[in-house]
Amino acid sequence: MVSRVRVWLNRTYAENVFFMDQLRRNPGDRAVEIHATHGDPDSPVLAAADTSELEPEGLSPAAYVEYALDQCVRRGIDVFVPRLHQAAVVAHRAEFAAAGTALLAPTPEAVAVFEDKAVAYEAVRSVGVPVPPWHRVRNADELVDAVEELEAAGHLACFKPAAGAGGAGFRVITRSPFSLLHLTGFPGPHVQLDLVVEALRRAEEPVDWLVMPRLEQPEVSVDCLTGPDNRVRLAVGRTKHGRRRGFTLDERWLAPARLIAEGFGLHYLSNIQFRMLGDRPVLLDVNSRAAGGLHQLSLCGVNAPWAAVRLALGEDPGVIEPPFLGQDYTVVSGPRPLVAAALPRQRTDSAEALLPAVPSPAQTAPAQVLPL
């Protein structure tokens, strides 16, 4: 009898409820139990898991490794998918292996390279992957110099943190003065250069930003599954142009992604993003983890999370070719259940007439990926 697989996801993105769904709907109908931990009691991954608990706050990376090892032993974890403190965790791979837990994560060297975007750009450029021109800046004067150089070359300048994920901190530089036009509609990514310079001059600490041209669409995110033998088992590009999403197997995107995944030890799941600089693709970012949109490959008949878990368990799934490419689609949000609230009701004024409560359904529909 094949035993069940116990998988742990730590403080992961809300979208990984779909990652968990796919593990349970694996093609081999293998029993999977999922443990989840998070710092936010209202994270939907806690409700989606079979077992869950809140993570302690304020742990150092070293202390977090001790906490993680204890979780793996107490919970009988077979495969640990670390996001928080990934660098510290993978540095102790042998200790997790001794506890009977496989890490679904890349090598320590790969994590170190791709934690810092400037280091990453230098590294991938050295192996022939095109990267955009970029400047590392730490103060107002360096920012102005970088913006002026990019604008002189005909580019629209933008900046982002040298370390970070998910587009946090990304801004596009504009020289248009701040006006009421910037207070209409929804907030956008554009920020006035003079306001940024003023903020930097007032700041007590230096920043660590990359200033580079704003790259054009389409954006192509290549999801890769790479074995510990440095061979890619799966590479599929997900295209994004405005709201329209799609899939591609075009080697313009896949070939450099394979080169990066295999050459730098991006074992198991990674996501390598490209955009256009003029008429050629250049690297945008490298994520040494599964992308939040990985589940969208199910529209191509591929269950990447389960293939990755099998690979981590030593069950090589072989090279995976999508049986078809799904049609173009868009993404819409939908409700997901949460664990029972621990907080008391906030409204205590009974004098105000309230509408009668409507019972919620026993199950809620998942967020959907809709064809266009």
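The model you are viewing is predicted.

Now step back to α10 itself, residues 251-263. The helix has 13 residues and spans 17 Å from its first C-alpha to its last, close to the 18 Å expected at 1.5 Å a residue. Show the side chains of W253, L254, P256, A257, I260 and A261, which are buried. At the start of the helix, pick D250 and R252: a side-chain oxygen of D250 comes within 2.8 Å of the backbone nitrogen of R252.

Next, go to the core. The largest nonpolar core has 39 residues, and V7 and L104 touch the most other members. Colour the elements that give two or more residues to this core: β1 (5-10), α1 (17-24), β2 (32-38), α2 (44-48), β4 (79-81), β12 (232-241), β14 (268-277) and α11 (304-312). Of these, α11 gives the most, with seven residues.

Turn to the charged pairs. The whole structure holds 28 salt bridges. Start with D21 and R336, whose side chains meet at 3.3 Å, N to O. D21 lies in helix α1 and R336 in the loop between β16 (329-331) and β17 (369-371), so this pair links parts of the chain 315 residues apart. Is D21 buried or exposed? D21 has a relative accessible area of 15%, which is under the 20% cut-off, so D21 is buried. R336, at 25%, is partly exposed.

Select E151 and R175 next. The closest N and O atoms of this salt bridge are 2.9 Å apart. E151 is in helix α8 (residues 140-152), while R175 is in the loop between β8 and β9, 24 residues apart. E151 is partly exposed, with a relative accessible area of 28%.

Helix α9 (residues 193-202) holds another pair, R202 and E198. Their side chains meet in a salt bridge of 2.9 Å, N to O. The two residues are four apart in the helix, and are therefore separated by about one helical turn. R202 counts as exposed at 58% relative accessibility, whereas E198 is partly exposed at 42%.

For a network of salt bridges, select R4, R6, E33 and D78 together.

Finish on the surface. F178, L180, L183 and L195 form a nonpolar patch there, with about 440 Å² of accessible area together. L180 is in the loop between β8 (171-174) and β9 (190-192), and counts as exposed because its relative accessibility is 67%.

Conventions: Residues numbered from 1 in each chain as written. Predicted model: local features only at pLDDT ≥ 70, side-chain atom pairs only at ≥ 80, totals over all residues. Heavy atoms only, no water. Expected span 1.5 Å × (residues − 1). Buried < 20%, exposed > 50% of the residue type's maximum accessible area, 1.4 Å probe, protein only. Polar contact = N/O pair within 3.5 Å; in protein donor to acceptor, adjacent residues only side chain to side chain. Patch = residues over 30% accessible without salt bridge, like charges linked within 9 Å, V, L, I, M, F, W, Y side chains within 5 Å. Areas by Shrake-Rupley, 256 points an atom, 1.4 Å probe, with all protein chains shown as cover. Salt bridge = Lys/Arg side-chain N within 4 Å of Asp/Glu carboxyl O. Core = buried A, V, L, I, M, F, W, Y, C linked by side-chain atoms within 4.5 Å.
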